[in-house]
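Visitor: I am new to this structure. Could you show me how to read it, one feature at a time?

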Amino acid sequence: MKNSPGALLSRMLGGGRNLGLFTTLLLALLLISLFSPQYLSIDNAMVVALQVSFIGLASLGTAFLIVSGNVDLSIGSQYAMCAVSAALLAKQLPVSLAWLAGIALGAALGLINGLMVWRISISPIIVTLGTLTIFRGIALRITNGFGVRGVPKSFSWLGEATFLGVPTPICALVILGIVAHLVLQYTTQGRHLFAFGGNRQAAEAAGINGKGLVLTSFALNGALVGLSAVLAASRFGTAAPTFGVGFELDVIAAVILGGVAFTGGEGSIIGVMLAVILLGVINSGLISTGIDPHYAQVVKGAALVIAVALDQLTQEQQERHRKKLAVLERAGS
Amino acid sequence: MNAPMPMPANPTPVVRAVGITRYFGGVRALENVSLDLMPGQIVALVGDNGAGKTTLVKILSGIYQPDEGSIWLGDTEVRHLDPRRAREFGIETVYQQLFLCDNLGAAANVMLGREPVRRRLGPFRFMDNKRALREAREHVAGLGVDLDDLITPVRRLSGGQRQAIAIARATLGAHRLIQFDEPTAALGIRQTRATLALVERVAAQGIAVIVISHNLDDVFAVAHRIVALRLGCISLDTLASQTTREQVVACMTGMAFGKDHS
């Protein structure tokens, strides 16, 4: 049992929850390929990977935030601000500076959120709900509500470049995903994020620097959102202030579906990546089988609810099982 | 009845609180409290609810900052003591709420904030989980605590086991001062006895000990010195051998006993 392929795979994926996601992903691929055999191809895999890479990048930062017991709802508006700022700056500055500025702006916006969440002890949901509106408003103001025109062609290089045939957004997601996994799972910083999300007072009593942790994770999250936005704007060749409306919902849905507890203290990057891919496959798969794409919304939402419900039910079952064992133990002794 | 007070070779205090005053809003929790903590001495901190016992403990562990007064760690006056600085100096505390991370295992809780590092890569410190597990296991076994599974999240453990983990964490790093806030309040008779024995063992190693307790049996069983707080002020500070239950109770409650403390 211990060395069965299932157990081995479960260990590799880091837990039963991820095995469930992996199995669901395989099932989804199987179902889709039954209806639409051309779906399973390298080319199509690349298209799907490209589609999910923007949400994927942002979900890495959001996973860190939620594990540590915070959340940033303003990422969709940060996305818009970074994208239009990079596009606007590309008209004045060398494009490489414009790309960097977009990422740096993301980090700065994240840091602003982090500072407010740290200083104002009310829910990060409320604070970042406020900045969601503020950042969107600024993005609309600096563009007068229109897409940016006259962006030089060279601006597109970053997003369209490929490495060994793989587009940069996918490369960025793979590399940063691996880094995020290693940091969260194996470093003291990752451990402290879990501790902080599990019991903030306990973590601080143990000497963990809560302020540093909160500010860094918000700023990193912003930088990832900025990178995602710059890559998207670059591929697009320009940006509009309406970029990223509802982005935060897609990202948070993926992170929660990936097994990160919204209350903090639980989660893995592998789970989040599997969930990002699964949602992308559901999206594109339904389209390729010819089903009304509006159903994709319904299916994605249902997947989230079912996953969370299953988590809850498994936990309750384990609780009952432990209780039964404890009762048996008492009766035996 | 009292354990003999070991005569310290070096009678300088390890930690000193000097003239500590602390307000919470308009409420005065501590006023002009001074306390010298000697190596190997067990100080029982007693007082009614709201007398300021936990506040004093949290000031000494760096969680609260005093509004007036200062903390001396050895010969150094520390203006702003934070929990990290306190732990680095060797001050550890077992809080009444235990302060465990329920989502982490026993080993992770014991090693929290001092995880052994295998390798540094830029800003990242990769943990040596094997060493952490080994050190935690050795330490927990050394305390005589019955705990096999150090990986399961501690939310699934019993109250006694959770308490043992909090104590293990504190004793692992406390080489100067260890503070216990109501260590036996949630324990049965056998566990209480074991915990009190542990308190005496820790003190025998030359570590200063503060024990907050409402149980005067426990207090007289282990304390070398008894400090009573009343309404934020020290109303009694004496060697345990030179006082009686009646006097301690009188100083805690302010009821007249010989001297007037009101």
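Visitor: Start with chain B. In what order do the six strands of the open sheet stand?

Guide: First, a caution: this is a predicted model. Now the order, read across the sheet: 6-9-10-3-11-12 in chain B, with mixed pairing.

Visitor: In which sense do strand 9 and strand 10 of chain B pair?

Guide: Strand 9 (residues 177-181) and strand 10 (residues 208-212) of chain B are parallel partners, joined over five bridges. Opposite B:I178 you find B:V209 of strand 10.

Visitor: Which helix lies across strand 10 of chain B?

Guide: Helix 6 (residues 189-204) of chain B does. The same helix 6 also lies across strand 3 (42-47) and strand 9 of chain B. Its direction is about 155° to strand 10 of chain B.

Visitor: How do I read a single residue? Is B:V211 buried or exposed?

Guide: Count the C-beta atoms around the residue. B:V211 has 27 other C-beta atoms within 10 Å. The cut-off for buried is 20 or more, so B:V211 is buried. B:V211 belongs to strand 10 of chain B.

Visitor: Which residues does B:V211 touch?

Guide: Leave out residues up to four places away in sequence, and B:V211 touches B:I42, B:A44, B:L45, B:F180, B:P183, B:V199, B:V222 and B:A223. Sequence and space can also be set side by side. B:V211 and B:I178 are 33 residues apart in sequence, and their C-alpha atoms are 8.6 Å apart in space.

Visitor: And which way do side chains point along a strand?

Guide: In a regular strand, they alternate between the two faces of the sheet.

Visitor: There is a four-stranded open sheet in chain B too. What is its strand order?

Guide: The order is 2-1-4-5, and the pairing is antiparallel. Strand 2 (27-37) and strand 5 (76-78) of chain B are the edges, each pairing on one side only. On average, neighbouring strands of this sheet are turned by 25° against each other, direction ignored.

Visitor: How many bridges join strand 1 and strand 2 of chain B?

Guide: Seven bridges link strand 1 (residues 15-24) with strand 2 of chain B, in the antiparallel sense. Take two examples. B:F24 has B:V27 of strand 2 as its bridge partner. B:R16 has B:D36 of strand 2.

Visitor: What happens at the hairpin of these two strands, at B:G25?

Guide: The hairpin has two residues between strand 1 and strand 2 of chain B, and B:G25 takes a positive phi near 60° there.

Visitor: Which helix lies across this sheet's strand 1, strand 2 and strand 4?

Guide: Helix 1 (residues 53-60) of chain B, running at about 120° to strand 1 of chain B.

Visitor: Where does a residue other than glycine have a positive phi?

Guide: B:L231 is one case, with phi near 50°. It sits in the loop between strand 11 (225-230) and strand 12 of chain B. B:L231 has 17 other C-beta atoms within 10 Å, so it counts as partly exposed. A:L164 is another case, with phi near 55°. A:L164 lies in the loop between strand 1 (162-163) and strand 2 (166-167) of chain A. With 5 other C-beta atoms within 10 Å, A:L164 is exposed.

Visitor: On to chain A. How many helices and strands does chain A have?

Guide: Chain A has 14 helices and two strands. Buried residues are 47% of its 333 residues.

Visitor: How does the radius of gyration of chain A agree with a compact globule?

Guide: Compare two values. A compact globule of 333 residues would be near 20 Å, and chain A has 21 Å, so the two agree.

Visitor: How do helix 8 and helix 13 of chain A cross?

Guide: Look at distance and angle together. The axes of helix 8 and helix 13 (residues 269-288) of chain A come within 9 Å and cross at roughly 145°. On the helix 8 side, A:G177, A:A180, A:H181 and A:L184 meet A:I269, A:I270 and A:M273 of helix 13. By class, this contact has five nonpolar, two polar and no charged residues.

Visitor: Last one. How many residues does each chain give to the contact between chain A and chain B?

Guide: Chain A gives 21 residues and chain B gives 21 residues. On the chain A side, helix 9 gives the most, with six residues. That side has nine nonpolar, eight polar and four charged residues.

Definitions and conventions
Residues numbered from 1 in each chain as written. Chains lettered and ligands numbered in written order. Predicted model: local features only at pLDDT ≥ 70, side-chain atom pairs only at ≥ 80, totals over all residues. Contact = placed C-beta atoms within 7 Å. Nonpolar A, V, L, I, M, F, W, Y, C, P; charged D, E, K, R; others polar. Pairing = 2+ DSSP bridges. Axes fitted to C-alpha atoms, helices over the stretch in contact; angles between N-to-C directions. Rg over C-alpha atoms; globule rule 2.2 N^0.38 Å. Buried ≥ 20, exposed ≤ 12 C-beta atoms within 10 Å, placed from the backbone.
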